[in-house]
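Please read them with the structure open.

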Amino acid sequence: KIIWDILSFLMVLYDIITLPLGVFGYEKLQAAKIADLVACIFWSMDIVFNFFIGFHRADGCIEMRVSQISKRYIRTWFSLDLTIVAADAILLLVDATEAEAVGLVR
């Protein structure tokens, strides 16, 4: 879990650094496209993992039942996580489709 949290921090840091660079065309670099794909895959995996990561209940015990974890995740962060990851995936697909269309036109 600690390694996953560190990777999550690094992914957020990547987004914080690269979002402003979009003004300068950063997202057109091949390395940026690969990094964006890796980030999208990472966050997609994070959604799945969040259905299995326990949490502290109000009484101080750690809840490890998948049914309770899933209910809590769906009530809290799931809709936001899914919206962001879906938007990211759509943007990646649109970019790939545009690149293929430009290649066909050429």
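1. The model is predicted. I start with W4, which counts as buried because its relative accessible area is 16%, under the 20% cut-off.

2. F49 is the ring partner of W4: the two form an edge-to-face aromatic pair, 4.7 Å centre to centre with 70° between the planes. The pair joins distant parts of the chain, since W4 belongs to helix 1 (residues 2-21) and F49 to helix 2, 45 residues apart. F49 is partly exposed, at a relative accessible area of 34%.

3. A search of the whole structure gives 6 aromatic pairs.

4. Helix 2 covers residues 30-50, and its 21 residues should span 30 Å at 1.5 Å a residue. The C-alpha atoms at its ends are 30 Å apart, so the model agrees with that expectation.

5. Which residues of helix 2 are buried? They are A32, A39, C40, F42, W43, D46 and I47. These residues cover an arc of only 165° around the axis, so they lie on the same side of helix 2. An α-helix has 3.6 residues a turn, so residues three or four places apart point the same way.

6. Another edge-to-face aromatic pair is formed by Y73 and F78, with 5.6 Å centre to centre and 75° between the planes. Y73 is buried, at 6% relative accessibility, whereas F78 is partly exposed, with a relative accessible area of 21%.

Key
Residues are numbered from 1 along each chain as its sequence is written. This is a predicted model: local features need pLDDT of at least 70, side-chain atom pairs count only at pLDDT 80 or more; totals for chains, interfaces and linings use all residues. Side-chain values use heavy atoms; hydrogens and water are left out. Helices (H or I, at least four residues) and strands (E, at least two) are DSSP runs, numbered from the N terminus. The expected span of a helix is 1.5 Å times one less than its number of residues. Buried means under 20% relative accessible area, exposed over 50%, partly exposed in between (1.4 Å probe, protein chains only). The arc is that of the directions from the helix axis to the C-beta atoms. Rings of Phe, Tyr and Trp (its six-membered ring) pair if their centres lie within 6.5 Å; planes under 30 degrees apart count as stacked, over 60 as edge-to-face and the rest as tilted.
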